[in-house]
Amino acid sequence: MINIALLGFGNIGSGTVEVLTENRIQIERYVGCPVNIKYILDRRDFPDSPWKNRIIRNFDIILNDPEIKIVAEMLGGSHPAYEYTKAALMAGKHVVTPNKEVVAKFGAELLDIAAKNGVRYLFEGSVGGGIPIIRPLINDLAANGIISISGILNGTTNYILTRMGRDNIGYSEALGEAQALGYAEANPADDVSGADAARKIVILAALAFGKLVNPDTIHTEGITGITQEDIKTAAGFGCSIKLIAHTELVDGRVLAMVAPHFVGPENPLFGVNDVFNGILVAGDLIGRVMFYGPGAGRLPTASAVVADIADIAVNIGSSARKLHWDPAKRDEVADFGNYSCRFCFIFSDVPGSVDMLGRSFGSLGNVLREEGRIAFISEPMTEKEAGEKAAASGVSFIKRFRVL
Ligand code: HSE
């Protein structure tokens with residue numbers, strides 16, 4: 001029997017208990033012995049829960065119990081999740097987590113602590129909810145040089161954009177639904193500001209390039225400024241608006257960013273709707289592979305947490321590969337101004353010739369005129385050039401979107 005402790009009995013914690021209970025037989029068949037939940041750490045009381053006798057409030061009980069081999073941290077947020085994780089690893093316990101905030105901020109340090117103490121720190125559920133993406137990047141794509149990763153990494157914002165675009169639902173109502181469905185963060189500002197996607201893309205960048213970039217320093221735009229007019233403009237070009245997180249190497253430096261993009265129908269991310277996430281990985285051998293599935297939610301995320309528990313349980317005693325990330329130094333991070341892509345420029349009024357203005361942006365021809373808006377899609381240019389051209393145009397510029 002393997003004894004484990006769960007930190008947190010909230011949305012994901014209770015989902016993990018459910019998975020370990022409902023799918024007990026197949027998990028036991030895979031692991032080769034029962035997985036026993038010995039403790040559940042939570043501040044709250046659960047008098048009606050069949051697990052009430054396992055609930056404890058003192059983390060030291062877990063830390064000092066030599067029977068506990070695996071700790072699943074599902075507290076969310078940085079503190080005390082980081083401190084508990086560090087202490088558990090230092091006490092020789094394996095830790096699994098879907099906590100992207102801790103992995104994105106402290107992953108490099110925690111992986112080193114795990115390696116020094118002969119244990120593992122696994123975080124399959126931290127990106128893409130239930131989608132297997134971390135293990136495939138580490139193992140199955142190991143022979144590839146990763147060229148880029150682009151994805152829809154936040155289920156809540158994808159749900160909101162889908163409801164606004166497809167179903168004509170207002171932003172606030174759609175956000176309320178995402179919260180009710182258990183997709184959103186405790187503070188949904190983390191979803192809609194792009195912060196959650198920023199944490200996830202720096203984790204993927206670290207797996208691809210070995211450097212962990214501080215998520216608070218990357219270019220991050222959320223969806224709060226997106227209007228029904230923007231969605232209509234995108235539709236006028238046959239595109240949908242998606243919150244895209246992207247990473248690649250630019251001149252050997254790590255570029256990571258999050259921003260709403262117009263996505264055309266030829267791109268596989270176009271059809272990724274509702275709470276689903278899609279992650280396109282380009283590798284030098286494989287070409288492009290797409291990972292697709294539910295990006296948030298109680299049971300999909302618990303599925304990833306339990307997979308990590310099972311991975312550790314079957315490999316206890318054997319020497320697993322030790323993952324190592326370096327915190328990215330300032331000169332290892334690319335200047336966002338050098339990131340190049342096509343843009344959709346949107347103007348409210350163009351007094352002179354629209355075609356001439358378009359040509360000055362290297363417009364690809366198709367000009368959209370509707371509801372007081374004039375829009376066209378440019379040739380690829382850098383972020384810096386796009387900003388300079390918009391400022392120099394001298395006409396009333398509304399906003400621009402990157403185009404995938
Ligand atoms: N709030 C997150 C999302 C949960 O909506 O994607 C999964 O990480």
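**Strand β15**

I started at Ser340, which stands opposite Thr382 in β18. I counted two strands as paired if DSSP finds at least two bridges between them. By that rule, β15 (residues 340–349) and β18 (residues 381–382) are joined by 2 bridges and run antiparallel.

This is a predicted model, so I kept local features only at pLDDT of at least 70 and side-chain atom pairs only at pLDDT 80 or more, while totals for chains, interfaces and linings use all residues. Residues are numbered from 1 along each chain as its sequence is written, and side-chain values use heavy atoms, with hydrogens and water left out.

I then looked at Glu379, in the loop between β17 and β18. Is Glu379 buried, partly exposed or exposed? I used relative accessible area, with buried under 20%, exposed over 50% and partly exposed in between (1.4 Å probe, protein chains only). Glu379 counts as partly exposed because its relative accessibility is 42%. From Glu379 to Ile244 I noted 135 residues in sequence and 19 Å in space, C-alpha to C-alpha.

A reminder to myself: most residues other than glycine have a negative phi, and most peptide bonds are trans. His79 and Pro80 are joined by a cis peptide bond, with omega about 10°. I found Pro80 in the loop between β4 (68–73) and α4 (81–90).

Asn168 is not a glycine, yet its phi is positive, about 60°. Asn168 sits in the loop between α7 (155–167) and α8 (171–180), and it counts as exposed because its relative accessibility is 61%. Asp251, also not a glycine, has a positive phi of about 50°. I placed Asp251 in the loop between β10 (240–250) and β11 (253–263); at 73% relative accessibility, Asp251 counts as exposed.

**Nonpolar cores**

For a nonpolar core I took buried Ala, Val, Leu, Ile, Met, Phe, Trp, Tyr and Cys residues joined through side-chain atoms within 4.5 Å. Which members of the largest core touch the most others? They are Ile62, Tyr121, Leu204 and Trp325, out of 81 residues. Helix α10 (residues 195–209) gives the largest share of this core, 11 residues. Apart from it lies another core of 28 residues, including Phe9 and Trp51.

I checked the contacts of Trp325 (heavy atoms within 4.5 Å). Leaving out residues up to four places away in sequence, Trp325 touches, among others, Val103, Phe123, Ile203 and Leu212.

**The ligand**

For polar contacts I used pairs of N or O atoms within 3.5 Å. A polar side-chain atom of Thr156 is 2.6 Å from a ligand oxygen atom, and a polar backbone atom of Gly155 lies 2.8 Å from an oxygen atom of the ligand. A polar backbone atom of Tyr183 is 2.7 Å from a nitrogen atom of the ligand. Taken alone, the ligand exposes 250 Å², and the protein buries 93% of that; these areas come from the Shrake-Rupley method with a 1.4 Å probe.

Notes: Helices (H or I, at least four residues) and strands (E, at least two) are DSSP runs, numbered from the N terminus. A polar contact is a pair of N or O atoms within 3.5 Å; within protein, one must be able to donate a hydrogen and the other to accept it, and residues adjacent in sequence count only if both atoms are side-chain atoms.
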